[in-house]
Amino acid sequence: MTSDDTPRTRAPRADVRRNRARLLAAAREMFARDGAGASLEGVARLAGVGVGTLYRHFPTRQDLLEALLADAYDALADRGRELLGSPEPGRALLAWLGEFVAAVSQFQGTAPSVLVSLDAERPAGSRPCRAMRDAGEALFARAQESGEAPAGAAFLDVLKLAGGIATAAEREPGAAERLLSLAASGIAPGAAGAARDAAGGPG
């Protein structure tokens, strides 16, 4: 096969890219106002496209939510890789979990959907979602190796706990640091004092 015969991946047409951008902007506005359960028909209407166009770009609500959170997932993956070099693995893990909670609580009702994407027993989520999960899992493994996180715990269970904290933080923004500090004695006992200090609690 010559180079001329090699199949080429065409870039999306300008109108396709434009419709996707409009849908994401509309979804961000609707989700910020109505939460992750906002009407998808309303999203399409606000974007000025038909609902069929929305489903061609995002076949499920989960796909749309993952696209909205892609930048946050990328940032968390980068942050996780950066924190792997920390000399204090437990504190690094708790810092990352705090940023995870902030990211997934930006829209009301987001946390349960995020946990569906992160569940290793379900179909894999988007590339940014998988990269974020891998980065967090590496931090958790390092905290376990150092003895600062429970050896028998599963990373997905830690994320479920963080997801519960994120859900609580949707209605009480100041609760996230306090609840993460409270949970730290089980997630990373060796770093629990640092989490209490960050939350303004007693040392």
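Are Phe140 and Phe155 buried or exposed? Both Phe140 and Phe155 are buried (under 20% relative accessible area; exposed is over 50%, partly exposed in between, with a 1.4 Å probe and protein chains only).

## Basis of the values

This is a predicted model, in which local features need pLDDT of at least 70 and side-chain atom pairs count only at pLDDT 80 or more, while totals for chains, interfaces and linings use all residues. Residues are numbered from 1 along each chain as its sequence is written, and side-chain values use heavy atoms, with hydrogens and water left out.

## Salt bridges

The structure has six salt bridges, each defined as a side-chain nitrogen of Lys or Arg within 4 Å of a carboxyl oxygen of Asp or Glu. One of them joins the side chains of Asp74 and Arg127, at 3.4 Å from N to O. Asp74 belongs to helix H5 (residues 70–83) and Arg127 to helix H8 (residues 127–145), so this pair ties together parts that are 53 residues apart in sequence. Helices here are DSSP runs of H or I with at least four residues, numbered from the N terminus. Asp74 is partly exposed, at 25% relative accessibility.

Arg79 takes part in a network of salt bridges with Glu82 and Glu99. The Glu82 and Arg79 side chains meet at 2.9 Å, N to O. These two residues both lie in helix H5, three residues apart, about one turn of the helix. Glu82 is exposed, with a relative accessible area of 54%, whereas Arg79 is partly exposed at 23% relative accessibility. In the salt bridge between Glu99 and Arg79, the closest N and O atoms are 2.9 Å apart. That pair links distant parts of the chain, with Glu99 in helix H6 (residues 89–104) and Arg79 in helix H5, 20 residues apart. Glu99 counts as partly exposed, at 34% relative accessibility.

## Aromatic pairs

There are four aromatic pairs in the structure. Rings of Phe, Tyr and Trp (its six-membered ring) pair if their centres lie within 6.5 Å; planes under 30 degrees apart count as stacked, over 60 as edge-to-face and the rest as tilted. Among the pairs is a tilted one between Trp96 and Phe155, 6.3 Å centre to centre with 45° between the planes. It links distant parts of the chain: Trp96 is in helix H6 and Phe155 in helix H9 (residues 155–171), 59 residues apart. Both Trp96 and Phe155 are buried.

Phe155 also pairs with Phe140, again in a tilted arrangement, at 5.8 Å centre to centre and 35° between the planes. Phe140 lies in helix H8 and Phe155 in helix H9, so the pair ties together parts that are 15 residues apart in sequence. Through ring pairs, Trp96, Phe100, Phe140 and Phe155 form a cluster.

## Packing of H6 and H9

Two packed helices are described by the angle between their axes and the distance between the axes. For H6 and H9, the axes come within 9 Å and cross at roughly 50°. These axes are lines fitted to C-alpha atoms over the stretch in contact, and angles run from 0 to 180 degrees between N-to-C directions. H6 and H9 are therefore oblique to each other; angles under 35 degrees count as roughly parallel, over 145 as roughly antiparallel, 65 to 115 as roughly perpendicular and the rest as oblique.

The crossing of H6 and H9 is right-handed, meaning that the near helix is turned clockwise from the far one by less than a right angle. Contact residues (heavy atoms within 4.5 Å) include Trp96, Leu97 and Phe100 of H6 and Phe155, Val158 and Leu159 of H9.
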